[in-house]
Amino acid sequence: MKDVHPHEATLGNPGRGTVLAAWERFVQGEDHVRGVRPEVAISWHRCRERYRVDPHLTAAPAAVERSDHTVEHDVVFTELGGMAASLAPEVNNLSGIVTVADATGRVLAAWGDQTTLAKAHESNLAPWSCWSEGAVGTNGMGTALEVRGPVLIRGAEHWCQAFHSWVCAGIAVRDVVTGEPIAVLNISNWRTHLPEATGGWLTQAVTRTQSMLRRRARDTGTELAAAFSKAREASGAALAAVDTVGKVVIADDQASVHMSVPAHTPAVDPAVRWNSALPDLIGVARYASKHAALDPDWVGSTQIFTHLTDEPTPISVRPVFLAGRLAGHLISFGSSDGAQLPPMEGRKGSPGQPRRLIALRDDRMVLLRLREVHFAESDGNDVWLSTDQGRLRAASQGLDKLDGELADAGFLRVHRRYVVNLRRVREIERAYKGEMYLVMEGTTNDMVPVSRRNVPVVRRALGI
């Protein structure tokens with residue numbers, strides 16, 4: 001198996017002094033520091049500007065009590081705990097420790113070498129302590145909760161000076177529907193390198209756990225589609241079923257026109273669910289999910305704008321529970337049943353503070369206005385942006401995350417590998433057997449393929 005970063009696996013690598021010097025300058029207020037990996041530099045910015053973590057903190061704080069874990073989360077904790085415990089003998093032989101933490105960074109359990117566990121206890125790297133970025137800055141567990149994929153944080157890359165003698169590798173397990181972290185698995189060594197198998201083992205462990213979550217989500221999607229069919233028999237209103245974040249599982253003929261999705265085409269797998277062309281619906285679904293979790297009998301209504309009329313369309317939202325667990329919502333168009341939802345909060349950002357995307361160029365971060373972005377293309381966990389400033393790597397990992405962030409800003413997922421800015425589409429090219437390509441604005445005339453299942457959605461979104 002490959003390490004997370006094979007060429008940077010030890011604390012004593014040639015760049016250690018460079019990173020420490022960069023850390024010292026950054027802590028003192030410099031913004032542009034060289035010799036630091038982009039993902040670490042971005043984490044440092046979060047620590048200094050957003051979380052304002054004291055870099056001279058010597059120990060992690062106690063975790064805040066929480067009791068809102070779902071049964072699904074408990075299953076994930078148990079699964080990861082079993083994997084961590086099975087690895088404990090190997091980690092023990094390497095003078096390391098393995099930890100499992102929840103989505104808040106609260107350490108739930110730790111295994112491994114007793115001497116290293118004792119050293120870790122001095123910094124509260126132990127159960128009942130919080131290791132989120134907001135609590136202790138850049139570290140294996142906390143940073144893994146912020147980004148997708150395995151994370152290696154070694155030596156002076158840690159935000160807090162007291163942790164510079166540690167090398168840590170972490171990876172988060174994420175909800176396959178919402179993309180939010182559920183738990184994080186981490187391996188830490190004190191002043192020694194991590195074994196080569198670390199990155200591969202972490203990825204394998206999370207892949208196994210995510211597969212379990214994906215199977216459950218598919219089953220939930222199937223049951224949500226069944227609830228849609230039952231409700232449709234009893235109602236003549238335009239009807240759709242969406243998951244907890246507003247992605248469409250199935251819609252009837254009338255609702256499909258409102259939402260610009262195929263009619264009667266179930267998308268039970270969370271990886272292929274439809275993004276509607278209704279930005280407001282995403283906010284409605286997220287609000288309904290939070291409210292229904294507190295009051296299972298809640299039913300709500302509001303008005304949203306569609307492309308069919310200049311006037312808002314009334315909708316009602318009815319949560320669907322399966323075995324006591326929120327599966328999604330039934331959306332009825334033209335209906336006003338239930339309590340009125342409060343006005344949706346404004347889009348992210350404000351007129352004075354436009355939304356930005358963060359991209360990376362060498363050791364610098366580039367702040368992009370959304371209108372500068374033509375399209376995003378996935379390459380594994382990396383996302384590349386085609387922009388007015390050239391091709392840049394996005395700071396966010398995973399196209400699904402970026403898709404969710406931009407779904408209310410005129411961007412559309414047209415292919416499993418592409419999200420496009422609809423405002424930057426210049427031409428449409430039809431090819432053999434009905435294939436479609438979008439020709440984007442710019443000097444390079446980039447062509448973005450549209451998957452066949454998304455052709456009707458793209459046509460509606462572009463009004464053609």
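**Note on cavities, pocket, sheets and a salt bridge**

1. The second largest cavity holds about 50 Å³ of space. Here a cavity is a set of points, on a 1 Å grid over the protein atoms alone, where a 1.4 Å probe fits but cannot get out. Grid points are joined across faces, edges and corners, and a volume is the space filled by probe spheres set on the points. The model is predicted: local features need pLDDT of at least 70, side-chain atom pairs count only at pLDDT 80 or more, and totals for chains, interfaces and linings use all residues. Residues are numbered from 1 along each chain as its sequence is written, and side-chain values use heavy atoms, with hydrogens and water left out.

2. What lines this second largest cavity? Glu72, Asp175, Val176, Val177, Ile182, Leu213, Ala217 and Arg325 do. Lining residues have an atom within 4 Å of a point. By class there are 5 nonpolar and 3 charged residues, and no polar ones. Ala, Val, Leu, Ile, Met, Phe, Trp, Tyr, Cys and Pro count as nonpolar; Asp, Glu, Lys and Arg count as charged; the others, Gly among them, count as polar.

3. The structure has 3 cavities of 30 Å³ or more. The largest cavity holds about 60 Å³. Its lining includes Trp131, Met141, His158, Trp166 and Ser188. Helix H6 (140–146), E4 and E5 each give two or more residues to that lining. Helices (H or I, at least four residues) and strands (E, at least two) are DSSP runs, numbered from the N terminus. The lining of the largest cavity has 6 nonpolar and 5 polar residues, with no charged ones.

4. The second largest pocket has a volume of about 1400 Å³. A pocket is an open set of points with protein on both sides within 12 Å along at least five of seven lines. Its lining counts 41 residues; Thr70, His73, Asp175, Thr178 and Thr244 lie nearest the centre. Asp175 also lines the second largest cavity. Helix H7 (198–234) is among the elements that supply at least two lining residues, as are helix H3 (71–93) and strand E5 (181–190). H7 gives the most, with 8 residues. The pocket lining has 18 nonpolar, 8 polar and 15 charged residues.

5. An open sheet of 7 strands runs in the order E13-E12-E16-E15-E14-E18-E17, with antiparallel pairing. Two strands pair if DSSP finds at least two bridges between them. Strand E13 (364–369) and strand E17 (411–415) are at the edges with a single partner strand each, so one side of each has no neighbour in the sheet. The twist averages 35° from one strand to the next. Axes are lines fitted to C-alpha atoms, for helices over the stretch in contact, and angles run from 0 to 180 degrees between N-to-C directions. Strand E14 (residues 373–379) and strand E15 (residues 382–387) are joined by 6 bridges. Ser378 has Val383 of E15 as its bridge partner.

6. A further open sheet has 3 strands in the order E19-E20-E21, again antiparallel. Strand E19 (425–430) and strand E21 (447–450) are the edges, each with a single partner strand, so one side of each is left without a neighbour in the sheet. The twist here averages 25° from one strand to the next. E19 pairs with strand E20 (residues 436–440) over 5 bridges. Glu427 has Val439 in E20 as its bridge partner. Helix H11 (residues 455–462) packs on this sheet and touches E19, E20 and E21; its direction makes about 40° with that of E20. Contact means heavy atoms within 4.5 Å.

7. The structure holds 23 salt bridges. Each is a side-chain nitrogen of Lys or Arg within 4 Å of a carboxyl oxygen of Asp or Glu. One of them joins Arg37 and Glu157 at 2.6 Å, N to O. This pair links distant parts of the chain, 120 residues apart. Arg37 sits in the loop between helix H1 (16–27) and helix H2 (38–51), and Glu157 in the loop between strand E3 (151–154) and strand E4 (166–174).
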